[in-house]
Amino acid sequence: PGYVSPLLRAEHQLARARLTAADGDPGADEELAAAVAAVRRAGSPWHLGHVLIDHAAHLYRRGWPEEAATALSEAAAIAERLGARPLGRRARLPVRR
């Protein structure tokens, strides 16, 4: 195929992880954590903030509110650093179950 950017690869990994989570597969925990790591390595803080919020929602649904709060806190800090108000608002919304 041709060149596929690291961010696009990470987004693909994230999409697969979301589908796995939606199916209730227990492997979704590892897949989502790997997707967060891939987006982090891709070097796009804005994308990372959104992925952290999605991961926080998953963590909360799985019964890990402390870990969810940590992910949301990091997303809020990224939003503040970038001056990305919509991202910051999303990080402060109640986590969707």
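Mentor: A helix here is a DSSP run of H or I spanning at least four residues, and helices are numbered from the N terminus. Gly-49, for instance, is placed in helix H3. Keep in mind throughout that this is a predicted model.

Trainee: Which helices do the buried residues of H3 pack against?

Mentor: They pack against helix H1 (6-22), helix H2 (28-42), helix H4 (65-82) and helix H5 (85-92). The buried residues of H3 include Leu-48, Gly-49, Leu-52, Ile-53 and Asp-54.

Trainee: Is Gly-49 buried or exposed, and what is in contact with it beyond its sequence neighbours?

Mentor: Buried means under 20% relative accessible area, so Gly-49, at 0%, is buried. Leaving aside residues within four places in sequence, Gly-49 is in contact with Ala-75, Ile-78 and Leu-87. Its C-alpha atom is separated by 9.9 Å from that of Ala-84, which is 35 residues away along the chain.

Trainee: Why does Asp-54 count as buried?

Mentor: Asp-54, which also lies in helix H3, has a relative accessibility of 19%, and because the cut-off is under 20% it counts as buried. Not counting residues up to four places away in sequence, Asp-54 touches Arg-18 and Arg-90. Ala-33 in helix H2, by contrast, is partly exposed, with a relative accessible area of 37%.

Trainee: Which residues have the most contacts inside the largest nonpolar core?

Mentor: In soluble globular proteins, nonpolar side chains tend to be buried together. Here the largest nonpolar core has 23 residues, and those with the most contacts inside it are Leu-48, Leu-52, Ile-53 and Leu-87. At least two residues of this core come from each of H1, H2, H3, H4 and H5.

Trainee: What does Leu-52 touch?

Mentor: Setting aside residues up to four places away in sequence, Leu-52 touches Val-36, Arg-40, Ala-71, Glu-74, Ala-75 and Ile-78. Ala-33 and Leu-52, 19 residues apart in sequence, are 9.4 Å apart from C-alpha to C-alpha.

Terms used: Residues are numbered from 1 along each chain as its sequence is written. This is a predicted model: local features need pLDDT of at least 70, side-chain atom pairs count only at pLDDT 80 or more; totals for chains, interfaces and linings use all residues. Side-chain values use heavy atoms; hydrogens and water are left out. Buried means under 20% relative accessible area, exposed over 50%, partly exposed in between (1.4 Å probe, protein chains only). Contact means heavy atoms within 4.5 Å. A nonpolar core is a set of buried Ala, Val, Leu, Ile, Met, Phe, Trp, Tyr and Cys residues joined through side-chain atoms within 4.5 Å.
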